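The exercises below are to be worked through with the sequence and the coordinates side by side. Each task is followed by a solution that goes step by step.

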Amino acid sequence: TQEWGLWRTVARELVEEMFNKEEAHRLIRSGQDYLQVPDIKRIVDAFFRKAAARVFLMGVGLDPVTTKPEILVAIVLNWAKLKTLNQMPHFQTNYEGKATYVDLSQQTLLENADMNRPLPLLPAGKACLMLAAKHYDFLMASI
């Protein structure tokens with residue numbers, strides 16, 4: 001099935017979590033190609049086809065309790081490039097939780113990895129934030 005491609009999963013997660021496109025998740029169950037839905041295609045094309053996003057594989061782990069594999073991916077988005085292309089999609093709070101804006105820095109990444117929250121950060125999420133902080137200069141140089 002096409003859904004198992006890493007790039008397709010990254011694109012789906014991006015549109016679901018940053019642009020509230022919950023239908024992308026539902027469409028995979030019906031066998032439809034969510035990347036062809038016009039509203040989703042527009043967002044994916046703006047980021048990935050116009051090179052306004054870079055995807056980095058940060059690592060792979062296995063949760064010992066659930067034996068669920070975790071693939072750690074960082075997506076570096078170049079919002080300024082999207083603006084110059086007049087392709088700026090509207091960011092929306094998603095159905096999975098509330099989004100917050102923070103200044104992006106090594107320190108902010110580390111603070112968010114260690115932040116106390118009502119629902120704790122999953123180990124994979126914490127690891128990804130810590131790896132992004134460790135490789136911050138490299139990731140930011142990619143945009």
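**Exercise 1.** Is Arg49 buried or exposed?

*Solution.* The model is a predicted one, in which local features need pLDDT of at least 70, side-chain atom pairs count only at pLDDT 80 or more, and totals for chains, interfaces and linings use all residues. Residues are numbered from 1 along each chain as its sequence is written, and side-chain values use heavy atoms, with hydrogens and water left out. With buried meaning under 20% relative accessible area, exposed over 50% and partly exposed in between (1.4 Å probe, protein chains only), Arg49 is exposed at 57%.

**Exercise 2.** Find the salt-bridge partner of Arg49.

*Solution.* A salt bridge requires a side-chain nitrogen of Lys or Arg within 4 Å of a carboxyl oxygen of Asp or Glu.

**Exercise 3.** Locate Ala51 and Thr67, and describe their phi values.

*Solution.* Ala51 sits in the loop between helix H3 (38-49) and strand S1 (53-62), and has a positive phi of about 60°. Thr67, in the loop between S1 and S2, has a positive phi near 55°. Most residues other than glycine have a negative phi. Ala51 is partly exposed at 49% relative accessibility, whereas Thr67 is exposed at 53%.

Methods
Helix = DSSP H or I, 4+ residues; strand = E, 2+ residues; numbered from the N terminus.
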